[in-house]
Amino acid sequence: MNDKYKIKAIDIAIIGMSVAIIEACKVAMQALPNIELTSFWIIMFTLVLGWKVVFVVPIFTIIEGAVYGFGLWWIMYLYAWPVLAIIVWIFRKKDSAILYAIISGLFGLFFGALCSIPYLFIGGPAMMFNWWVAGIPFDIVHCISNFLLMIILYKPIRKIMASMIK
């Protein structure tokens, strides 16, 4: 195995701390509807940790299910957060607050559409469409807050993370 793909003790600690940061921010902001830092952190950890983010996202998702129950929303988390990480991975060589703000904003805007997929199998296309459309006002808030949080936090957090993780 290539040393590049080996997990060291420090990696395990960083992955654990990454999940803890996401979880702590999620709990701290849970009173604010559709304003969250989860998207921000998944983007940042994808950029800084590289391929090791493949551990962060599923561990976060499992913890969410363990804490809040494994409901239909949890199924959505199984694919929604990895989609964000994959999109960021594609653009990982770019160092642009505006690019990641746009990605984060669009992810927030289309989060409801992504999360409506299970309703296709439960009640068909009409149920999927109605569920998505009913949530559009929340998706707009999600879009705007994701965009603004990334614009404000990207450069200072990226600088701090770069200095800590080499």
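Q: Which residues lie nearest the centre of the largest pocket, and how many line it?
A: In this predicted model, the lining of the largest pocket counts 18 residues. Val48, Leu49, Gly50, Trp51 and Lys52 lie nearest the centre. The volume is about 390 Å³.

Q: What makes a residue part of a pocket lining?
A: A lining residue has an atom within 4 Å of a pocket point. For the largest pocket, 18 residues line the space. Helices α1 (9-28) and α2 (38-49) each supply at least two residues of that lining.

Q: How does the lining of the largest pocket divide by class?
A: There are 10 nonpolar, 2 polar and 6 charged residues. Gly counts as polar in this scheme. Trp counts as nonpolar and Lys as charged.

Q: Why is Trp51 called partly exposed?
A: Its relative accessible area is 22%. Buried means under 20% and exposed means over 50%. The value of 22% falls in between, so Trp51 is partly exposed.

Q: Where is Trp51, and what does Trp51 touch?
A: Trp51 is in the loop between α2 and α3. Not counting residues up to four places away in sequence, Trp51 touches Lys4, Tyr5, Lys6, Ile7 and Trp89. Ile86 is 35 residues from Trp51 along the chain, and their C-alpha atoms are separated by 10.0 Å.

Q: Which residues lie nearest the centre of the second largest pocket?
A: They are Lys26, Asn34, Ile35, Glu36 and Tyr77. In total, 13 residues line this pocket, and its volume is about 310 Å³. By class, its lining has 7 nonpolar, 4 polar and 2 charged residues.

Q: What makes the phi of Asn34 worth a remark?
A: Phi of Asn34 is near 60°, a positive value in a residue other than glycine. Most residues other than glycine have a negative phi. Asn34 lies in the loop between α1 and α2.

Q: Is Asn34 buried, exposed or partly exposed?
A: Asn34 has a relative accessible area of 28%. Under 20% would be buried and over 50% exposed. Asn34 is therefore partly exposed.

Q: How do you know which residues have the most contacts inside the largest nonpolar core?
A: Core members are buried nonpolar residues joined through side-chain atoms within 4.5 Å. The largest such core has 41 residues, and Trp41 and Trp81 have the most contacts inside it. Helices α1, α2, α3 (53-68), α4 (72-90), α5 (97-115) and α7 (136-164) each supply at least two residues of this core. Helix α2 gives the most, with 9 residues. In soluble globular proteins, nonpolar side chains tend to be buried together.

Q: What is Trp41 in contact with?
A: Leaving aside neighbours within four places in sequence, Trp41 is in contact with Ile21, Ile22, Cys25, Ile157 and Met161.

Q: Why is Phe60 called buried?
A: The relative accessible area of Phe60 is 0%. The cut-off for buried is under 20%. Phe60 is therefore buried.

Q: Where is Phe60, and which residues is Phe60 in contact with?
A: Phe60 lies in helix α3. Leaving aside neighbours within four places in sequence, Phe60 is in contact with Val19, Ile22, Glu23, Lys26, Thr38, Tyr77 and Trp81. Phe60 and Glu23 are 37 residues apart in sequence and 7.2 Å apart in space, C-alpha to C-alpha.

Q: Why does Ser39 count as buried?
A: Ser39 has 0% relative accessibility. Buried means under 20%, so Ser39 qualifies. Its place is in helix α2.

Q: What makes the pair Ser39 and Asn146 a polar contact?
A: Their side chains are in polar contact at 3.3 Å. The cut-off is within 3.5 Å, so the pair passes on distance. Other residues in contact with Ser39 include Trp81, Leu84, Ser104, Phe107 and His142.

Q: Why is Phe121 called exposed, while Pro82 counts as partly exposed?
A: Phe121, in helix α6 (residues 117-134), has a relative accessible area of 69%. Exposed means over 50%, so Phe121 is exposed. Pro82, in helix α4, has 26% relative accessibility. That value lies between 20% and 50%, so Pro82 is partly exposed.

Technical notes. Residues numbered from 1 in each chain as written. Predicted model: local features only at pLDDT ≥ 70, side-chain atom pairs only at ≥ 80, totals over all residues. Heavy atoms only, no water. 1 Å grid on protein atoms, 1.4 Å probe; cavity = no way out; pocket = protein on both sides within 12 Å on 5 of 7 lines; lining within 4 Å. Points joined across faces, edges and corners; volume = space filled by probe spheres on them. Helix = DSSP H or I, 4+ residues; strand = E, 2+ residues; numbered from the N terminus. Buried < 20%, exposed > 50% of the residue type's maximum accessible area, 1.4 Å probe, protein only. Contact = heavy atoms within 4.5 Å. Polar contact = N/O pair within 3.5 Å; in protein donor to acceptor, adjacent residues only side chain to side chain.
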